[in-house]
Amino acid sequence: MRRRSFITTMAAGAAGALLCRSARSAAAEAKLTDEEFLEDLSHRSFRFFWEQSNPQTGITRGRARADGSNYPKVRREIGSTGATGFGLTAMCIGAERKWVTRADAQERVRATLKAYADGPVKNEHGWWYHWVNVQTGERTAASYDVAQFGVRSGAVHANGSEVSTSDSTWLVAGTLTARQYFHEDEEIGRLATLIYERMDYPWMCNGGTTLAHGWTPESGFIKNRYDHYCQLACMVLLGIGSPTHAMKPECWYAWSRVPNEYAGFKYVGVSGLWTYQWPLAWFDLRDRREAQGTHINYWENSVNATRAHKAFCLDLARKFPGYSETIWGITSSESADGYKAWAGPPARGDIDGTVVPCAAAGSLMFTPEICLPALRAMKEQFGDKIYGRYGFADAFHPTNGWVCPDVLGIDVGITLLACENARSGKVWKWFMANPEPQRGLSLADLQPIIGDHGQKTGAETPARPN
């Protein structure tokens with residue numbers, strides 16, 4: 001996934017200032033309990049979706065200033081369909097945590113679903129454009145300067161973005177979560193069902209057994225396909241579970257599973273860490289594995305990918321001394337030189353020592369014992385230089401002082417959802433209570449693991465931090 005790049009530098013001397021947080025501030029931070037820290041991080045993350053979504057349409061901005069200040073008007077109107085899906089889920093969390101009233105969250109959800117189900121947001125065979133105007137819902141680009149607009153290959157056009165398979169998936173995941181959470185609201189149920197049932201999965205397969213990355217009216221289907229391990233688990237399972245325009249069950253086994261290993265951790269995929277996180281933020285795949293093919297347990301796969309990624313960062317510390325046992329994490333983000341789809345292992349994207357907090361935050365639900373200390377250390381060491389109104393800045397460089405002035409909606413979103421699943425497991429509970437995800441799992445033959453005594457071994461509680 002690629003996003004618009006933004007180049008910034010800090011004033012002279014910032015590197016020294018970044019590393020010189022007072023001992024008193026760090027000591028005060030260290031006194032917070034884990035639960036207090038996660039409550040604060042979650043609440044700040046939710047605030048992004050409450051403040052950076054248009055109240056009339058519910059469409060969420062793709063990014064915002066980390067301090068909450070406004071962009072210039074043109075840039076301020078750019079909304080993200082994917083971020084909006086995270087925002088729908090955020091409304092459920094906010095209501096449950098009583099950060100806003102249930103009625104206010106319900107009203108925001110209803111507005112969002114109306115915008116996508118009944119207009120003004122236009123769809124193509126039930127799929128939505130990646131970038132849309134937050135007020136009008138019209139297709140747009142992530143920047144009005146297309147030369148600086150980073151997006152998937154083949155999706156750049158002067159008059160707007162692509163119809164996005166990935167971003168539409170996150171919207172539908174959030175839609176189904178909200179349908180279940182506000183199950184008493186008949187209008188929310190009707191709108192959410194309409195959004196999902198209108199999605200034509202065979203059309204997006206474009207004659208194949210794997211999904212295309214997207215479509216544009218100017219060029220038709222994007223040539224790239226979701227044909228190897230990446231963020232595709234959620235989109236394919238929703239496609240197989242569709243009650244109206246379903247993919248065939250065998251489509252689950254149509255994509256390649258490339259083995260990977262690092263520091264003794266074996267898993268499938270050579271993709272960015274975020275691809276191991278996002279699908280499992282909604283789909284609860286704990287103690288399930290494929291009954292066919294390679295019999296992969298995708299929960300363990302994400303656990304191992306996270307542990308391998310930390311080991312990878314620690315090995316990079318010989319070159320980039322800012323990485324340490326508790327300061328680590330690289331996933332697609334902004335950098336001092338623009339957007340980077342960096343990842344590893346194997347290394348990709350000209351890694352320069354930048355740390356991306358949502359790399360650790362997004363795996364809180366898998367490996368809290370290594371991710372929570374990392375996030376706490378980042379906040380304790382660098383304080384409000386990287387931690388502000390919406391939680392962590394999108395990225396920072398621990399040795400040269402650069403800090404991204406922005407937060408990105410999708411990165412704030414995975415932080416919030418992973419926090420909630422680590423704390424309560426409720427995003428999983430709400431989403432999995434829908435019949436369609438269960439149908440997708442059953443048809444794809446992802447079966448519960450049966451223990452020695454014939455009992456399901458499925459976890460009843462989340463991977464809670466200590």
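Which residues are linked in a network of salt bridges? I found Arg-63, Arg-65, Glu-334 and Asp-406 linked in that way. For a salt bridge I took a side-chain nitrogen of Lys or Arg within 4 Å of a carboxyl oxygen of Asp or Glu.

A note on ground rules: this is a predicted model, where local features need pLDDT of at least 70, side-chain atom pairs count only at pLDDT 80 or more, and totals for chains, interfaces and linings use all residues. Residues are numbered from 1 along each chain as its sequence is written, and side-chain values use heavy atoms, leaving out hydrogens and water.

Next I looked up the total, and the count is 23 salt bridges.

Then I turned to Arg-179, which forms a salt bridge with Glu-436, their closest N and O atoms being 2.7 Å apart. Arg-179 sits in helix 7 (residues 165-181) and Glu-436 in helix 17, 257 residues apart. Helices here are DSSP runs of H or I, at least four residues, numbered from the N terminus. Arg-179 is buried at 12% relative accessible area, and Glu-436 is buried at 8% (buried means under 20%, exposed over 50%, partly exposed in between, with a 1.4 Å probe and protein chains only).

My last entry is on Glu-380 and Arg-376, whose side chains meet in a salt bridge at 3.9 Å, N to O. They are four residues apart in helix 14 (residues 368-382), so about one helical turn separates them. Glu-380 is partly exposed at 23%, while Arg-376 is buried at 9%.

Technical notes. Helix = DSSP H or I, 4+ residues; strand = E, 2+ residues; numbered from the N terminus.
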